[in-house]
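Okay, everyone, thanks for coming.

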Amino acid sequence: QIQEQVMDIVRRSFAPEFLNRLSAIVMFNSLGVNQLEKIVQKAMRGVKRRLGAKGIKVVLEHSGARAILDASFDPAYGARPVERYLEGTVVTELSRMLIRGDLASGTTVHIEATPSEEDESLDDCSVP
């Protein structure tokens, strides 16, 4: 029934000539929290790999993944802004830590959220 309603809107919104050029119209469900967290973990693989080559282990905690999602996910754009956020925030902070000499081979970095008075925000990548 929902598919019929959507297709009625599509038919009213687009010319038949345009619709005829489409090979398929795919309906999908919105991503759930678990899928979004997996996307964040997948996006972090490259960062983990790059630092792993320097002997630095990165652990993205559940709360850190949620904070990244809270800061970057937009239902209108999906999970695409997550990668930009990671590069602009997490990778930048890790790079600064590396330049300052805070990260040496054998170090483990835990990325987690820290509760603040108003909401959860990403911590400055704690190094225990």
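Before the first pair, a word on terms: axes are lines fitted to C-alpha atoms, for helices over the stretch in contact, and angles run from 0 to 180 degrees between N-to-C directions. Helices (H or I, at least four residues) and strands (E, at least two) are DSSP runs, numbered from the N terminus. This is a predicted model, where local features need pLDDT of at least 70 and side-chain atom pairs count only at pLDDT 80 or more, while totals for chains, interfaces and linings use all residues. Residues are numbered from 1 along each chain as its sequence is written, and side-chain values use heavy atoms, with hydrogens and water left out.

So, α3 and α4. Their axes are 10 Å apart, and the packing angle is about 100°. α3 and α4 are therefore roughly perpendicular to each other, a label for angles of 65 to 115 degrees; under 35 is roughly parallel, over 145 roughly antiparallel, and the rest oblique. On the α3 side the contact uses Val33, Leu36, Glu37, Val40 and Gln41, and on the α4 side His62, Ala65, Arg66, Ile68 and Leu69. Contact here means heavy atoms within 4.5 Å.

Next, α4, residues 62-72, against α5, residues 80-100: about 110°, with the axes 9 Å apart. So α4 and α5 are roughly perpendicular to each other too. From α4 we get Ile68, Leu69, Ala71 and Ser72, meeting Pro81, Val82, Tyr85, Leu86 and Val90 of α5. That contact has eight nonpolar residues, one polar and no charged. For the classes, Ala, Val, Leu, Ile, Met, Phe, Trp, Tyr, Cys and Pro count as nonpolar, Asp, Glu, Lys and Arg as charged, and the others, Gly among them, as polar.

What about α3 and α5? Their axes come within 11 Å and cross at roughly 30°, which makes α3 roughly parallel to α5. Eleven nonpolar, no polar and three charged residues make up the contact of α3 with α5.

Last, the core. A nonpolar core is a set of buried Ala, Val, Leu, Ile, Met, Phe, Trp, Tyr and Cys residues joined through side-chain atoms within 4.5 Å; buried means under 20% relative accessible area, exposed over 50%, partly exposed in between, with a 1.4 Å probe and protein chains only. Which residues touch the most other members of the largest one? Met44, Ile68, Leu94 and Ile111, out of 23. Two or more residues each come from α3 (33-52), β1 (57-60), α4, α5 and β2 (108-111). α5 gives the largest share, seven residues.
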